[in-house]
Amino acid sequence: MNKDFDWKCKKTWKKSAKNTLWCLFGCSIGDFGTIFFFQIYNYNILPLIVMIIAIINGLITSIILETLILIKQMSIKDSFFTALGMSFISMISMEIAMNTLDLIVYGKPFLNFKIIPLMLIVGFITPWPYNYWRLKKYNAQCH
């Protein structure tokens, strides 16, 4: 990485935080919905499989949300590919961090009001520096 890269730009941290929150919102819908579904209906599925399904659903809902946000600025096709390409690494790291925390704390996919705030915090903090770097270096963002 370039020695001259500036990690101290408050404006970029603020903008990247906003972008990360949108991504977190989108990912959480699919992720939490999936975990809650399997928690309520108590299917006899391995926790790892539930986590994989939750991650996939979180990625899908985040891409859908970001595509809908971008449609105001470009075509639906361009919106979809922009949402997919610009923040996929961010979404994957966010999903893995959130689900890993849940797995460490409970040993299985489980949602309650104690773990959800922690999952959201970890899900936000994990990709935020990457989103800052990408925004600062390439001016690449989804929102």
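Where is the place of Asn-42? Asn-42 sits in the loop between helix 1 and helix 2 (47–70), helices and strands being DSSP runs (H or I, at least four residues, for helices; E, at least two, for strands) numbered from the N terminus. The model is predicted: local features need pLDDT of at least 70, side-chain atom pairs count only at pLDDT 80 or more, and totals for chains, interfaces and linings use all residues. Residues are numbered from 1 along each chain as its sequence is written, and side-chain values use heavy atoms, leaving out hydrogens and water.

**Overall fold**

The chain comprises 5 helices and 0 strands, in the order α-α-α-α-α along the sequence. Its radius of gyration, taken over C-alpha atoms, is 16 Å, close to the 15 Å that the globule rule gives for 143 residues, so the chain is as compact as a globular protein of that length. The globule rule is 2.2 Å times the number of residues to the power 0.38. Along the principal axes, the C-alpha atoms fill a box of roughly 50 × 35 × 25 Å. Of the 143 residues, 41% are buried; buried means under 20% relative accessible area, exposed over 50%, and partly exposed in between (1.4 Å probe, protein chains only).

**Aromatic pairs**

The structure holds 16 aromatic pairs. Rings of Phe, Tyr and Trp (its six-membered ring) pair if their centres lie within 6.5 Å; planes under 30 degrees apart count as stacked, over 60 as edge-to-face and the rest as tilted. Two of the pairs are tabulated.

| Pair | Class | Centre to centre | Angle between planes |
|---|---|---|---|
| Trp-13 and Tyr-132 | stacked | 4.0 Å | 25° |
| Phe-38 and Tyr-43 | edge-to-face | 5.7 Å | 70° |

Trp-13 lies in helix 1 (residues 10–41) and Tyr-132 in helix 5 (residues 128–138), so their pair ties together parts that are 119 residues apart in sequence. Trp-13 is partly exposed at 22% relative accessibility, whereas Tyr-132 is buried at 0%. Ring pairs also link Trp-13 and Tyr-132 with Phe-5, Trp-7, Phe-124 and Trp-128 into a cluster.

Asn-131, Tyr-132, Arg-134 and Leu-135 are buried in helix 5. These residues cover an arc of only 170° around the axis, which puts them on the same side of helix 5; the arc is that of the directions from the helix axis to the C-beta atoms. Just after helix 5, Asn-139 takes a positive phi of about 50°. Asn-42, a residue other than glycine, likewise has a positive phi, near 45°, and is exposed with a relative accessible area of 64%.
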